[in-house]
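Thanks, everyone. Let's look at one structure together. I'll keep it short.

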Amino acid sequence: KNATAYNNRAYHRALARVDIQQAKDDIAKALSLRGDDPAFIDTRGYLSYLDGDFKSALSDFDKSLKMAKELGAGDEFTAEILFHRGLVYKQLG
């Protein structure tokens, strides 16, 4: 429960592009509480993308997508990951 709250707060901060360092702290807490979760890894990847660390972002998005598919996540969630990954590919040309 707390892990999801940390992830949600981190993702909302990322979308708003405010308090990015706090968002990074939040996602680290979420991952430490629950471990690998595709939504959490996607959030970490999005934060890496915002930092311009495209290699880390792409790695996280690929991992998140693979996990989501293995868990049978819905199309809406996998589409979001694919969109995030597309942002990285756009930056990489």
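Buried means under 20% relative accessible area, exposed means over 50%, and partly exposed is in between, with a 1.4 Å probe and protein chains only. This is a predicted model: local features need pLDDT of at least 70, side-chain atom pairs count only at pLDDT 80 or more, and totals for chains, interfaces and linings use all residues. Residues are numbered from 1 along each chain as its sequence is written, and side-chain values use heavy atoms, with hydrogens and water left out.

Start with Asp26. Asp26 sits in helix α2 (helices are DSSP runs of H or I, at least four residues, numbered from the N terminus). Is Asp26 buried or exposed? Its relative accessibility is 0%, so Asp26 counts as buried. The side chains of Asp26 and Arg9 are joined by a polar contact of 2.8 Å (a pair of N or O atoms within 3.5 Å; within protein, one must be able to donate a hydrogen and the other to accept it, and residues adjacent in sequence count only if both atoms are side-chain atoms). Setting aside neighbours within four places in sequence, Asp26 contacts Tyr6, Arg9, Ala10 and Arg13. Contact means heavy atoms within 4.5 Å.

Now the helix pair. Residues 2-16 form α1, and residues 20-34 form α2. Residues of α1 including Tyr6 and Arg9 meet residues of α2, among them Asp26 and Ile27. The residues of this contact divide into 9 nonpolar, 4 polar and 5 charged (Ala, Val, Leu, Ile, Met, Phe, Trp, Tyr, Cys and Pro count as nonpolar, Asp, Glu, Lys and Arg as charged, the others, Gly among them, as polar).

Last, Leu65, in helix α4. At 6% relative accessibility, Leu65 is buried too.

Notes: Axes are lines fitted to C-alpha atoms, for helices over the stretch in contact, and angles run from 0 to 180 degrees between N-to-C directions. Helices (H or I, at least four residues) and strands (E, at least two) are DSSP runs, numbered from the N terminus.
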